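Welcome, and thanks for taking a look at this one. Here are a few notes to guide your first reading.

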Amino acid sequence: MAVNFNPDVSSIFPNIEAGKAADSTEAKVNFGKAIAKSLNKVNELHDKADASIVELLSGKSQDINSVVASVAKADMSFKLLVGVRDKLVAAYKETMKMQI
Amino acid sequence: MEIDGNMFGAIDIAVSGLKAYGKQMEVVSSNIANARTTDAGDGQPYRRLEAIFKAKEDGASGVEISELVRDMGDFQKILANPGDPRADADGYISMPNVQLPVELINLNIASRAYQANAAILKRYQKMVESSLELLK
């Protein structure tokens, strides 16, 4: 099973290149959308892992290794998502603490 | 040659190794189970099977078993018990060309290779986790 989870957000941020600030006249970058998109991908991977476990337990498939692979992918992508979220929340808190 | 920069490349490759060596184990167990099978369905003794491993694609890629081939080596001849209906005119029976010591070594190779692939999977997960640690 080939699941391509790509944490690269450059497709969502077309006007961001490495080391180059976004052009403000271009379409506004929507960070929320990027997060939602990767959230969907993580969710998709979890659904796939779920489905493969159900297939294994219901006897439809006997391929334990595929289950291991899909669960490992779901686990890793979820950990990445949690890491990004934690960082995001920390950044938000940091900003809110700022003296005005 | 290309290396897939995908975060899951290593997982897919390691899992393909697990699958291939699982299959290899199947082949070995078939050979061992049929080590004394004098009729493999066609009236001939069982011929031992050999799994052919093939890279899935050029460059860094997983592995798969492309085909199973039959070992066309000579059958072993053993002296039949008197009155055995399978004996030929000289009193011999053709036995499969399976050699148990060889199969047991193959079994060892397959199980070690399986472990190695599982170790890769585990280690790669740890590597990714340690990258994610840097986010904290």
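1. A definition to begin with: buried area is the accessible area, found with a 1.4 Å probe, that two parts lose on being put together, summed over both. Please keep in mind that this is a predicted model. By that definition, chain A and chain B bury about 1600 Å² between them, and 67% of this area is on carbon and sulfur atoms. On the chain A side, the residues that lose the most area to chain B are A:Asn65, A:Lys73 and A:Met76, which together account for 37% of what that side buries.

2. Next, the contacts. The interface brings 21 residues of chain A into contact with 16 residues of chain B. Five residue pairs are in polar contact between the two chains. Helix 2 of chain A (residues 64-96) provides the largest share of the side that touches chain B, with 14 residues. By type, that side of chain A divides into 11 nonpolar, five polar and five charged residues.

3. In one between A:Asp63 and B:Lys19, the closest N and O atoms are 3.6 Å apart.

4. Now for the nonpolar cores. The largest has 17 residues, and among those touching the most other members are A:Met76, B:Phe8 and B:Tyr124. At least two residues each come from helix 1 and helix 2 of chain A and from helix 1 and helix 2 of chain B. Helix 2 of chain A gives the most, five residues. A second, separate core has eight residues, including B:Tyr46 and B:Ile65.

Definitions and conventions:
Residues numbered from 1 in each chain as written. Chains lettered and ligands numbered in written order. Predicted model: local features only at pLDDT ≥ 70, side-chain atom pairs only at ≥ 80, totals over all residues. Heavy atoms only, no water. Contact = heavy atoms within 4.5 Å. Salt bridge = Lys/Arg side-chain N within 4 Å of Asp/Glu carboxyl O. Polar contact = N/O pair within 3.5 Å; in protein donor to acceptor, adjacent residues only side chain to side chain. Helix = DSSP H or I, 4+ residues; strand = E, 2+ residues; numbered from the N terminus. Nonpolar A, V, L, I, M, F, W, Y, C, P; charged D, E, K, R; others polar. Core = buried A, V, L, I, M, F, W, Y, C linked by side-chain atoms within 4.5 Å. Buried < 20%, exposed > 50% of the residue type's maximum accessible area, 1.4 Å probe, protein only.
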